[in-house]
Amino acid sequence: MCGIVGFIGNEPVYEKIIKGLSRLEYRGYDSAGLAVIENNELLVRKCKGKVADLQNNVGSQVLGSTIGIGHTRWATHGVPNDVNAHPHFGENKNIALIHNGIIENYASLKEALIGRGHHFVSETDTEVLVHFIEDIRDSEQVSLFEAVRMALTEVVGAYAIVVLDQSNPDELIVAKKSSPLVIGIGSNDDYYIASDATPIIEYTKNVVYLNDEEVAKLNRREGLTIVNIQNQKQTPYIQELELKLEAIEKGGYDSFMLKEIHEQPRSIQDSFRGRLNLKQGVVKMSGIDDHEERWKNAGRIVVVACGTSWHAGLVAEYLFEDFARIPVEVEYASEFRYRNPVLFTDDIVIAISQSGETADTLAAIELAKEKGAFIFGVCNVVGSTISRATHSGAYTHAGPEIGVASTKAFTAQVTVLFQMALALAEKRGTLSSGRLSRLVAELNSLPIKITEVLKTNEQVEQIAQIYKNRSNALYLGRGYSFPVALEGALKLKEISYIHAEGYPAAEMKHGPIALIDENMPVIVIATEGASYEKVVSNIQEVKARKGQIIAIVTEGDKTVKAMADHVIEIPRTDDSLVPILSAVPLQLFSYHVAIMRGCNVDQPRNLAKSVTVE
Ligand code: F6R
């Protein structure tokens, strides 16, 4: 949801800005812009479109500036066009500002500023913020650093900002609240600023994650100064990044999505590495061990999440209830916040988020905290806002996910939730040690089984070729496979723009069956397990109405094979682990359909990777 970068140092920054913005483009790609100080003048280039369009816009101009800022936008206030693109300027066009977030009280600020003679050219909240800062600086005769701090005491909303002043080419001012911001500290008095560490990693591993309501000054002579919004000096906490450069590059694949799908044997392994004790047949999770009594005595688990992470939460509902016998409710974070939810003191709230930045999930966490709940985070991005806002948690360790459609993050989330369910079952004595050991061993064998599933790629591509021009698709599953049906449908609609619906297979006869005719592909997860026979009946119901069946089946299956138009076989596993295997061919199907329809799978229209607005 908007990516921001800033550089100040001893080397030209233009290439760094472009490269940094390309790395952050997954956060938004409606428009791109930059500002540098070139020959003592503020030079700004911005345009609708992607970073490549910005590069074309800059053309062959040689930019030698050693200070600059850049922005890639996901539009909130105002349509994506050149004028609404960032950076925005103050009245006198000498201060430029980039922003990720939303200024909620921008309308009242704007009205007051218009009254004070300010003129606005864009529809954005960001332009209001830069005028406000400028107004304070000029009227109070304070430094830009102080003006930013003072302005932010009156701002309601979320922000990560970088401010550049033409009259001070030795300094950048940054601040953040509820939107992420990282400062990289180079060896040669160089500073790097970005929404996440990916634009920074090739220059330095030393970073400072700015805390909420902190304002920092990066000055060539004075170095880094941080104050909080109350103007108290803060000591920067420098951390070493663990991220590797290879992890954020395509590594020979045509897209990040395809790379990330193929990374799943490793990402799943990483999400259980060090947690499985195969000898004893148990799972060790420090986030659960450290709060053992609370987990043992939990009366209920409430999961809050959005999108794909919400689907992982639905799988968790089955897992926790099945293995640990704890009642579970799974809530859309956005709805949870706007009800008046009932939380009990023995409830545990699990927040699931790949990015760890999703505003709705964060707001649900804040509400649950206010009500005194204990919050456990399942996040992928280390050091993210949600991972820091929770009382305890478990990282999924899937590595950076850059494709906007979530793939390896989903399977890693389910892997972590599976382990949590086993750890709880052991503590609560709800599973026999034999069953626990078998499940632990089965989880351990999953990376090899995912490698097998990935071998279906060509077959899935052929099936995609047949269905690529359909307008609709129905996904059906039961039990553990119902959330996977929802996830399969979401993948297809978000990257190929084909309308798709996921349903519990048995619900089909209560309405959606009316949609079935010879043009409707029905993708059914029909693996062996508790509801296999019932799903077979559902397949027959579809075939009786001339629907076309693409079935995900257990290897060696004969019954479904005899009825379905296409079957994709996956290795045999426990019913509870099928979601991890069956999600993969559905990801591949969406991927191939989208590619055949000429869609950009890494940057689907209207979407952004981390949704930091509510
Ligand atoms: C779908 C997708 C989104 C995210 C959702 C939550 O492929 O990526 O639905 O799952 O925006 O994001 P996180 O998990 O970062 O909180």
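Biologist: Helix α7 (residues 264-272) first. How many of its nine residues are buried?

Modeller: Seven of the nine, so helix α7 is mostly covered. Buried means under 20% relative accessible area, exposed means over 50%, and partly exposed lies in between, with a 1.4 Å probe and protein chains only. Helices are DSSP runs of H or I with at least four residues, strands are runs of E with at least two, and both are numbered from the N terminus.

Biologist: What am I looking at, by the way?

Modeller: This is a predicted model, where local features need pLDDT of at least 70, side-chain atom pairs count only at pLDDT 80 or more, and totals for chains, interfaces and linings use all residues. Residues are numbered from 1 along each chain as its sequence is written, and side-chain values use heavy atoms, with hydrogens and water left out.

Biologist: Back to α7. Which residues are buried there?

Modeller: Gln264, Pro265, Ser267, Ile268, Asp270, Ser271 and Phe272.

Biologist: And what do the buried residues of α7 pack against?

Modeller: Several elements. Among them are α6 (256-262), β16 (276-277), α14 (408-428) and α21 (578-596). Contact here means heavy atoms within 4.5 Å. Just after α7, Gly274 has a positive phi of about 80 degrees.

Biologist: Switching topic. How many salt bridges does the count come to?

Modeller: The count is 33 salt bridges. The rule is a side-chain nitrogen of Lys or Arg within 4 Å of a carboxyl oxygen of Asp or Glu.

Biologist: Which residue forms a salt bridge with Arg149?

Modeller: Glu146. The closest N and O atoms are 2.9 Å apart.

Biologist: Where do Arg149 and Glu146 sit along the helix?

Modeller: They are three residues apart in helix α5 (residues 144-152), so about one helical turn separates them. An α-helix has 3.6 residues a turn, so residues three or four places apart point the same way. Arg149 counts as buried because its relative accessibility is 12%.

Biologist: Which residue forms a salt bridge with Lys491?

Modeller: Glu487, with the closest N and O atoms 2.6 Å apart. Lys491 and Glu487 are four residues apart in helix α18 (residues 482-496), so again about one helical turn lies between them. Both Lys491 and Glu487 are buried. Lys259 and Glu263 also form a salt bridge, at 3.2 Å from N to O. Both of those are buried too.

Biologist: Which residues are linked in a network of salt bridges?

Modeller: Lys284, Asp289, Glu292, Glu293, Lys296 and Lys427.

Biologist: Now domains. What does the domain assignment give?

Modeller: Domain 1 (3-247) and domain 2 (250-444). The bounds come from an automatic or database domain assignment. Ten residues from domain 1 and eight residues from domain 2 make the contact. The centres, taken over C-alpha atoms, are 34 Å apart.

Biologist: What area is buried between domain 1 and domain 2?

Modeller: About 840 Å², and carbon and sulfur atoms give 53% of it. Buried area is the accessible area (1.4 Å probe) that two parts lose on being put together, summed over both. In domain 1, Tyr26, Tyr209 and Ala247 lose the most area to domain 2, together 44% of what that side buries.

Biologist: How many salt bridges are counted between domain 1 and domain 2?

Modeller: Zero salt bridges. Two residue pairs are in polar contact, both at pLDDT 80 or more. A polar contact is a pair of N or O atoms within 3.5 Å; within protein, one must be able to donate a hydrogen and the other to accept it, and residues adjacent in sequence count only if both atoms are side-chain atoms.

Biologist: Is Asp189 buried or exposed?

Modeller: Asp189 counts as exposed because its relative accessibility is 53%.

Biologist: Last one, Ser576. Where is Ser576 found?

Modeller: In the loop between β27 (566-570) and α21. Ser576 is buried, with a relative accessible area of 1%. Its side chain joins that of Asp574 in a polar contact of 2.6 Å. Leaving aside neighbours within four places in sequence, Ser576 is in contact with Leu319, Phe323, Phe418, Leu439 and Tyr480.
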